[in-house]
Amino acid sequence: MIKKLFLTIALLVLITSCDREENVQHVEIKTVHGVKVSNVETIKIEKKDSFSGTVIPDKQIMVSPKVVGYLKEIKVKVGDRVRKGEVLAVIDSSEIKPDVKKAKAALKEVEAALREIDKAVEEVKALKSAAKANYNFTQRTYQRFKRLYESEAVSKQKFDEIKTKLEEAKSKLKAIEAKEAQLLEKKKGLLAKKEQVKAELSKASAFLSYTYLKSPIDGIVLKKLVDNGNLIFPQTSVFQLGSYPLRVHAFIDSSYAGKVKVGETLPVKLKNKVIMGKVTEVDKSADPASHKFGIKVDIGNPKGVIPGDYAVVEIPTIKVSEIVIPISAVYRIGAIEYVFVIKDGIANLRVIKTGKRIGNKVIVLSGLHEGEKIAVSGVENLCDGARVEG
C-alpha cells in the first residue's frame with residue numbers, strides 16, 4: 001500500500017513538473033530538444049551455473065634438510081612465493097665449518113709442497129741435462145782413446161784414466177736420474193693426496209651448503225612445520241611447498257557428467273576477477289552422498305592468488321534472449337525505475353524493473369517490449385507528455 005502511494009505521488013510530481021501556468025484552462029506542451037532516441041532491442045545472453053571450488057597447487061612437496069643441526073633462522077613465511085634455489089632457512093653450521101677450514105689448510109699445504117717438488121724437479125732436470133752432456137762427451141773421448149790404445153798410440157795408464165772418468169760420468173748420471181725418479185714419485189704421491197684433500201673439502205663444503213635449506217622448485221610456501229631453535233634431522237619435514245601451476249578443485253552436479261571435458265576452457269571467478277582456466281582433470285565417478293563429481297581447472301600463476309583461496313567455476317548452460325537498454329535511459333525516483341517511451345514524438349513515462357548490468361547496459365525484466373522507442377540521453381530534462389525533438 002505504501003509503495004503504491006509512493007508511486008502515485010512520484011508520477012504526479014513528474015507529470016506536474018512540466019511547464020505549468022496559473023490558468024489551468026490553458027496547458028502548453030513542453031518541447032525538449034537534443035534527446036537521443038533508440039529502439040529497444042533483445043540480445044542473446046549466456047546463462048551459467050556456478051560451482052564453488054578451492055585453489056590448490058599442482059603438487060605438494062615436503063622440504064627436509066640433508067644434515068643434522070639446530071634450526072638457526074627461518075627466512076620465509078606461509079604464503080610467500082619462492083624461486084628454485086632460494087634459501088628458506090639456515091641451520092647452525094658451527095660443527096661443519098671447522099671441517100671446511102681444516103680441508104682448506106691441508107689443500108694449501110699440499111699445493112705448497114707440490115710447488116717445492118716442481119722446483120726441485122726443474123733443478124734436477126738441469127743437472128741431468130749437464131750430466132748427460134758430460135757422459136756423452138766422456139764416452140766419445142773413451143772411444144777415441146780406446147782406438148789409440150789398441151794401436152798402442154797411448155799408454156794403458158792414460159786409457160784407464162779415461163775409462164775411470166767415463167764410469168764416474170755414467171754413475172753421476174744414474175744418480176741424478178734416480179733422484180729425478182724419486183722426486184717424480186713423491187710428486188705423484190702429493191697429487192694423489194691433493195685429490196683426496198679436494199674430495200674432503202668438496203664433501204665438507206657440500207655439507208656446509210646443506211646448512212642453507214633451499215627451495216627445490218618455483219612455488220609457494222604452504223606450511224612451516226618447525227620453529228627456530230629446534231634440532232632437525234634429514235627425516236624432519238621443515239616446510240611444505242606447493243608447485244605451479246595453481247588449480248581450482250571444484251565439485252560439479254552429476255547432471256554435467258560427460259558434458260565437461262578435459263581441455264575445455266571455463267571462466268573462474270577469483271577475488272573479483274575472472275580468469276579463463278583449462279580443465280585438466282575430470283573425475284570418472286560421482287560422490288554417492290553429494291551426487292557431485294570433481295574437476296580440476298588449471299589457472300596458471302595469477303598474482304595475489306594462493307592455495308586455499310575460494311573460487312567459483314562457471315559452466316555455460318543455455319543462451320536466452322533478453323531486453324537490454326543503456327543505463328543512461330533509466331530515470332530513478334527513490335527505488336523506482338522509469339524510462340521515457342517515445343510514441344508519435346511524445347514522451348510517456350513508464351515504470352520498469354531492471355536486472356543484471358552488462359557493461360554500460362542493463363537487462364530489463366519487465367515494462368518494455370522489443371521495438372519500442374525510448375529516450376537514451378537527456379532523460380533528466382523530460383517529463384511525461386513532453387514533445388521530443390532530436
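Lysine 269 is partly exposed, at a relative accessible area of 41% (buried means under 20%, exposed over 50%, partly exposed in between, with a 1.4 Å probe and protein chains only). The structure is a predicted model, in which local features need pLDDT of at least 70, side-chain atom pairs count only at pLDDT 80 or more, and totals for chains, interfaces and linings use all residues. Residues are numbered from 1 along each chain as its sequence is written, and side-chain values use heavy atoms, without hydrogens and water.

Lysine 269 forms a salt bridge with glutamate 314, with 3.1 Å between the closest N and O atoms (a salt bridge is a side-chain nitrogen of Lys or Arg within 4 Å of a carboxyl oxygen of Asp or Glu). This pair links distant parts of the chain, 45 residues apart: lysine 269 is in strand β13 (residues 265-270) and glutamate 314 in strand β16 (residues 310-326). Helices (H or I, at least four residues) and strands (E, at least two) are DSSP runs, numbered from the N terminus. Glutamate 314 is buried, at 7%.

By the salt-bridge rule, the count comes to 16. Another of these pairs joins glutamate 111 to lysine 194, whose closest N and O atoms are 3.9 Å apart. Glutamate 111 lies in helix α2 (residues 97-150) and lysine 194 in helix α3 (residues 156-209), so this bridge ties together parts 83 residues apart in sequence. Glutamate 111 is partly exposed at 29% relative accessibility, and lysine 194 is partly exposed at 22%.
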